[in-house]
Amino acid sequence: MYFCVKLQAVSIQEIQNEIVDEFSMFDDWMQRYEYMIELGKSLPLIEEQYKTDDNIIKGCQSKVWVHAKMDNNTIVYTADSDAIITKGIIAILLRVFSNQHPKDIIEANTSFIDEIGLKEHLSPTRANGLLSMLKQIKLYAIAYQTQIK
Amino acid sequence: MLNIQNIRNDFPILSRQINGNPLIYFDNAATSQTPQVVIDAIVTYYSKYNANIHRGVHTLSQEATDAYEHARQDIQTHFNAKHAHEIILTSGTTHSINIVANGFSEFLKKGDEIIVSALEHHSNIVPWQMLCQRTGAILKVIPINLNGELIVEAFNELVSEKTKLVFVNHVSNALGTINPIEHIIKKSHNVNAAVLIDGAQACPHIKPDLQALNADFYVASAHKLCGPTGVGMLYGKEKWLNKLPPYQGGGEMIADVSFEKTTYAGLPHKFEAGTPNICGGIAFGVALNYMNTIGFETIAAYENELLNYATKQLLTIEGLKIYGTSKQKTAVISFNLKEIHPYDVGSILNQLGIAVRTGHHCAQPIMDFFEIPGTVRASFSFYNTKAEIDALVKAVKKAKTMLSI
């Protein structure tokens, strides 16, 4: 039993705190954006077979693809976008939500996005697909949670 | 000559800071900024004579009615319409187009043809598609060339005795191309087709003479003309407006009502059901007068200078491509950096206080034609400066460096 607990992934809240800490080290917006651009480049691409119209979240501006699968009661998300900054933010969202238990994903709040100064990218006016992606992440979690039950 | 500093002082918003930088507003094709004189007109209306119009005997109602009808006359004068009652005040261009599209349901039959251009905004595509679905009419599209210009020869071939309606924008919102509407209107009239010109993008730069132009309908929005949002106009020739059925039923638009029969009011009230945007209408008139004080020829000459300067400067950036390269265009530059998504460029520019539009500009067919997801669009107005363009060029270079790491 003890062993299981040790193996359990870091919680959503802990990862969010880590990210807030990392972003607090940046002096200005340029460093923040350069970091996101780097993240966007390093994000493992979604497998080509999942880059389908079924998995697309159409924003007015950039496209986002999201795919989810269950692995040992946790959800593994993969995603991609045609815009690099969007991709960087996706990388952050996946770091928080991927490999987590559906129940924890459903209950998680997303206030850390405000704290790291990326709120504007998730406002409804930006229409870059990110807000819909966040909704989609939660919807997958609800769907898988029902399966577990 | 424009005294730019004086003009900039008329616009309080231009002194704002965005992300620690002075605001540089290059999204004028989406909406223009509002001069103090228009803001004052709005404040005065609500603080001095706010009342419902056309039916009150009290002083406030009479003052509001006078101001509203005075605005209609100012709009008539500006556009040189024959009659004030040919100016219908609407909620904007989209509303105006829908009044006409809805009305034509009664005149079209299966197999009739209507023509639109490939340069249209979605608002000048979707209402006509809906009209075709209702009536069985067929939608034909005037194609464009690689400069983003309508192919006139193709239009000439599309027009036939079957053509009942032609809809074209005066200026393309996504590319800034000025379309040859004089030719289109003449050619369409030769086969007795009616013509609607969407002037939303043209009116901030060009003062159309509607009697000389001879279009059957011309539509525009106040918020692109230094006026408030939520108000615009539908110009229609008197004979067409008399023929078209009303779009909405309600108060203001009736002559007599009983449960057996209702007769409609005359023009323009037939199309202005319910309480209109009274304050917006009044402010629309004030905005047009403000722009006329500066003078549309002066505005066009100065904006053209900005356009040429910006085009030249932006093209010094390697890998930058401009979409819409017609010689006839307004002060709009749609561009992309090679292999960089427009959203990314727009996000960086915003950090530097520069407001541009990114995306498909509600004109997806144009983006599909050029096989791009969208563009970055910088659109200039008479209150912009060359120094701001220099800042834009510098910022685009910075975006390029950051995004090409």
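## A walk through chains A and B

Read along the sequence, chain A goes α-α-α-β-β-β-α-α-α-α. That pattern holds seven helices and three strands. Before we go on, keep in mind that this is a predicted model.

How much of chain A is buried? Of its 149 residues, 36% are buried. Now take the contacts in chain A with a separation of 6 or more: 68% of them come from residues 24 or more positions apart.

**Where the chains meet**

Over in chain B, seven strands form an open sheet, and their order is β4-β10-β9-β8-β7-β5-β6. The pairing in this sheet is mixed. Which strands sit at the edges? Those are β4 (87–90) and β6 (138–142) of chain B, and each of them pairs on one side only. If you ignore direction, neighbouring strands of the sheet are turned by 20° against each other on average.

Let's look at one pair in there. Strand β9 (residues 217–221) of chain B pairs with strand β10 (residues 232–236) of chain B in the antiparallel sense, over five bridges. Find B:Tyr218 and you'll see that it stands opposite another tyrosine, B:Tyr235 in β10(B).

Helices lie on this sheet too. Helix α3 (residues 59–79) of chain B lies across β4 and β10 of chain B and runs at about 120° to β4(B). Helix α7 (residues 181–190) of chain B also packs on the sheet, where it touches β7 (163–169) and β8 (194–198) of chain B. The direction of α7(B) makes about 175° with that of β7(B).

Two packed helices are described by the angle between their axes and the distance between the axes. Here are two pairs, with those values:

| Helix pair (chain B) | Axes come within | Crossing angle |
|---|---|---|
| α2 (residues 36–49) and α10 (residues 278–294) | 9 Å | roughly 150° |
| α4 (residues 93–103) and α5 (residues 126–135) | 9 Å | roughly 15° |

Start with α2(B) and α10(B), whose axes cross at roughly 150°. Angles over 145 degrees count as roughly antiparallel, so α2(B) is roughly antiparallel to α10(B). The crossing is right-handed. On the α2(B) side, the contact is made by B:Val37, B:Val38, B:Ala41, B:Ile42, B:Tyr45 and B:Tyr46. From α10(B) come B:Cys279, B:Ile282, B:Ala283, B:Val286, B:Ala287 and B:Tyr290. What classes of residue make this contact? There are 12 nonpolar, no polar and no charged residues.

Now for α4(B) and α5(B), which cross at roughly 15°. Angles under 35 degrees count as roughly parallel, so α4(B) is roughly parallel to α5(B). This crossing is right-handed. The contact brings B:Ile97, B:Asn98 and B:Ala101 of α4(B) up against B:Pro127, B:Trp128, B:Met130 and B:Leu131 of α5(B). By class, that gives six nonpolar residues, one polar and no charged.

Technical notes. Residues numbered from 1 in each chain as written. Chains lettered and ligands numbered in written order. Predicted model: local features only at pLDDT ≥ 70, side-chain atom pairs only at ≥ 80, totals over all residues. Axes fitted to C-alpha atoms, helices over the stretch in contact; angles between N-to-C directions. Helix = DSSP H or I, 4+ residues; strand = E, 2+ residues; numbered from the N terminus. Parallel < 35°, antiparallel > 145°, perpendicular 65-115°, else oblique. Left-handed = near helix turned anticlockwise from the far one by under 90°. Contact = placed C-beta atoms within 7 Å. Nonpolar A, V, L, I, M, F, W, Y, C, P; charged D, E, K, R; others polar. Pairing = 2+ DSSP bridges. Buried ≥ 20, exposed ≤ 12 C-beta atoms within 10 Å, placed from the backbone.
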